[in-house]
Structure formats: C-alpha cells, structure tokens
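I opened a new notebook page for this structure. My plan is to look things up one at a time and write down what I find.

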Amino acid sequence: MVTATALVLEAANSNFQVERVELKRLQPEEVLVELRATGVCHTDISVQQGKIEAVFPVVLGHEGAGVVREVGANVDNVQVGDHVLLSYSYCNQCRHCQRGKTYQCVKMAERNFAACRPDGSSPMEWRGASLRGCFFGQSSFSSVALVQATSCVKVDKDMPLASLAPLGCGVQTGAGAVYNVLRPVDAGMKSVVIFGIGGVGSAAIMAAKVISEDHAGILTTIIAVDLSEERLELAKQLGATHVINPSTTESVVEAIHRITGPDGLEGAIDCTGVVAVINDMIVALGPGGRAVTIGAPPASAKMSIQVFPFINGCKSYEGSNAGNSNSSEFLPFLVELFRQGRLPIEMLQRTYKPTEVNEAVAAMLEGKVVKPVILWPEEQSQLVGN
Ligand SMILES: [Zn+2]
Ligand SMILES: [Zn+2]
C-alpha cells in the first residue's frame, strides 16, 4: 500500500488540510507519479469556494510535475523513471481524440471534474473511507498520485519540474489561446488585446511576444487590460506594447480604438470570465476581428451580442478549452520556449511547502502572487521496488 501526503478538502469553503492518505491499487491505464511540484490554479479555488460543484472529501490539484514510479499494464506513453508534466485527462477513443483534438474530448467534463476514476471508483482512502480524486486525471495536491496515462507528458530530465508544473493548465491555456486559437501568423494578425493579467493572461502575452519577434509585422500591437497597476507593469515586462487600466479609463473600448486606429482590433482574449468584460471585448473588435473566451464565469452566466454590428463586422467569438492544446504536442513546444528563455514563467511564481497551502491560496486571491507552486517532500524510500 502506497501512502502519500495530500491536501484534503473536507467540504466546500473549508481550508485545505495536510493529511496522510492511502492510494489504491494501480489500474491498467494509470501511472504512479511521485510529485515534485504542483501549481495552484483558480479552478482549484473555485471548487474550494463551491463555485464549481464537487463531492467531498476530495483531493484537487491539476498542475502537477513529477517522476514516474510505476506504470499500469496498458500504459505506453511513459516509462518508470520518466519525468512528466501533468495536464487534463481525455479518453483517447472518441472521434475528437482520434483526430488529435483531445481538448474537445466528449468525456472532458467527467474525466476532469467528476473527481473519480473513469470507472467511477476513488483512487484514494482517508481515515478508512473513500477519498475522491482523479481531478483532471491527477489530483496532484499529493506527494504521490495515481494519474491517468493521458494526463502524462514526458519532459527531459534536465528541465526544472518545479518551474514547469503550471505548464499543464494555466500556461498551456493562455499560450494556446494565442498559438492554437487565434493563430496570428496564418491570420496576418497585427493587434491583440488580453483582458486579465493573471497566470493565464501572462502566458498569452508571453506567447504573443514570441510570435511578434519571430514574424515581422505580426502582433505589433499587444494590449494588456487589468485593474492592477502592478499587473500592468508585469504585462509590460512580458511584452505588452500598450496597457489600459479600466479604473482610470472612461471607456476601455475607446481606449483600444485609439491604439488600433482605423484598421480596428483583430484579436482578443478574455481571461477574466467577467461578463461585462466579454461583452466589451466583442464591441471592441474591428472588421474580421476574433474574440476568444478562456476565463470561466459563474456557470449560469450569459453574455450578449448586438447582432447587426457582429454580422456587419464579420466578427467571431469562440470558446476554448485548454487553449485548444493537444498537451502531448503543445507542452514539449512550450518547454522548448522555456529552455530558450522565452517563456519567463518563473517571474510569476512563488514556492510554498504543503503546510503553507492556505497561505498560498490567500496570497493568490489577494493578488500578491500570480502563481503559487507547492513543493512536495521526497517519498522515494517507500516507492523503491514498486
Ligand atoms: Zn487550471
Ligand atoms: Zn475523447
């Protein structure tokens, strides 16, 4: 029986508790991963705050990075000893997965949010009872975890796992919205605005900057919008050419139009999930402009489009999950950008011990830290021979 140190959430609106838990037997599609680090994402906090429904007690965490200690009989994408980044889970069997569009897997909701294995069982026990897990196929708020094979992406052993942990969700989503959804090079896109400069929005700006450096005339205008001057300063350091603070600007839409001039705004990404911001984003688009939503509003939220200017301007609006990223291909691409020093995600990070998790969540909510990363104690001794 493998045991682990996990951050257990006993009920909505409670604190995370550091507890010893027991892992169940490895299933054929699972990988036993010894975690080195796990990023904290707003989605974890939304579950904690009851904004996303869950069954408790549960172990969350979905930006894990670690070392493979054992693989199930049907696993062929990773081997014992491999270093892996963990991302969302997908079935690998539906039509979308078979076409490489794993981010739109028909089982996306159940495999990532149901907090149980695909067969409905729990991967862990705590105090002699079932403990919900397999959140995003991983529940990586744990020093060791049973992870779905499709969540595992191999990474070179010389890369720093603690720095790369957030790649699997936040960074992939933000950078993917630029690379995979807007596809600025194919579109000949000159301007983009990014609303909300947290972990996801920062990654979108980094990606936009890389593209602008590699392709003359593409994304020459990168606009960041945020209520915090500190975040706007960060956006400038990461590559924003212009910043707008709605708290000191009468009309964000007009401010965008002043920057983009008569050609109009061509691309936009909302990372805030605030409906009023999404509505403004559509209005701000120029002819042929494309807007992407990646920030999640409350489940019942509805945005609105004034249809005539939408038609007349040939505008489009689309949702994107995980930045339309096939993680087995896109994460290695992002790791390479990191290796080249072009994805400075460490600037956003602060590391915490597992016992400091509630402090980490508070710092994130107060806006003091963009990306908290939990570092796990070594569990190697009990795993040798597994
Ligand atoms: Zn996330
Ligand atoms: Zn699928």
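Are cysteine 41 and histidine 62 buried or exposed? I checked, and both are buried. I note here that the model is a predicted one.

**Entry 1: zinc ion (ligand 1)**

I looked up what holds this ion. Its protein donors are Cys41 (SG), His62 (NE2) and Cys169 (SG). Cysteine 41 and histidine 62 are 21 residues apart and link distant parts of the chain. I found cysteine 41 in the loop between strand E3 (30-39) and helix H1 (42-48). Histidine 62 sits in the loop between strand E4 (58-59) and strand E5 (64-71).

**Entry 2: zinc ion (ligand 2)**

Next I asked which residues coordinate the zinc ion (ligand 2). They are Cys91, Cys94, Cys97 and Cys105, each through SG, at 2.3 to 2.4 Å. The spacing in sequence is C-x2-C-x2-C-x7-C. I then checked the geometry. The angles among the four donor atoms run from 102 to 119°, and the site is tetrahedral. The cut-off for this asks that all angles lie between 85 and 135 degrees.

I also looked at accessibility. Cysteine 91 has a relative accessible area of 12%, so it counts as buried. Cysteine 94 is buried too, at 11%.

**Entry 3: aromatic pairs**

How many aromatic pairs does a search of the whole structure find? I got eight. I followed up the pair of tyrosine 179 and phenylalanine 333. The centres are 5.0 Å apart and the planes stand at 80°, an edge-to-face arrangement. This pair links distant parts of the chain, 154 residues apart. Tyrosine 179 belongs to helix H5 (residues 170-182), and phenylalanine 333 to helix H12 (residues 327-339).

Tyrosine 179 is buried, at 18% relative accessible area. Phenylalanine 333 is partly exposed, because its relative accessibility is 34%.

Phenylalanine 333 also pairs with phenylalanine 330. Why is that pair stacked? The planes are at 25°, so the pair is stacked, with the ring centres 5.7 Å apart. The cut-off for stacked is planes under 30 degrees apart. Both residues lie in helix H12, three residues apart, about one turn of the helix. Phenylalanine 330 is buried, at 7% relative accessible area.

Elsewhere I noted one aromatic cluster formed by Phe113, Phe135 and Phe136.

**Entry 4: helices H9 and H10**

I looked up how these two pack. Helix H9 (residues 252-260) and helix H10 (residues 275-284) meet at about 35°, with axes 9 Å apart. The crossing is right-handed. On the H9 side I listed Val253, Ile256 and His257. They meet Asp280, Val283 and Ala284 of H10.

**Entry 5: backbone checks**

Most residues other than glycine have a negative phi, and most peptide bonds are trans. I searched for exceptions.

Phenylalanine 56 and proline 57 are joined by a cis peptide bond, with omega about -5°. Proline 57 is in the loop between H1 and E4.

Cysteine 134 is not a glycine, yet its phi is positive, about 65°. I place cysteine 134 in the loop between strand E8 (129-131) and strand E9 (144-148). Its relative accessibility is 2%, so it counts as buried.

Alanine 322 also has a positive phi, about 55°. Alanine 322 lies in the loop between strand E16 (316-319) and H12. It is buried, with a relative accessible area of 11%.

Conventions. Residues numbered from 1 in each chain as written. Chains lettered and ligands numbered in written order. Predicted model: local features only at pLDDT ≥ 70, side-chain atom pairs only at ≥ 80, totals over all residues. Heavy atoms only, no water. Donors = N, O, S within 2.8 Å, 3.2 Å for Na, K, Ca; no water. Tetrahedral: all angles 85-135°; square planar, octahedral: opposite > 155°, others 65-115°. Buried < 20%, exposed > 50% of the residue type's maximum accessible area, 1.4 Å probe, protein only. Phe/Tyr/Trp six-rings, centres within 6.5 Å; stacked < 30°, edge-to-face > 60°. Helix = DSSP H or I, 4+ residues; strand = E, 2+ residues; numbered from the N terminus. Axes fitted to C-alpha atoms, helices over the stretch in contact; angles between N-to-C directions. Left-handed = near helix turned anticlockwise from the far one by under 90°. Contact = heavy atoms within 4.5 Å.
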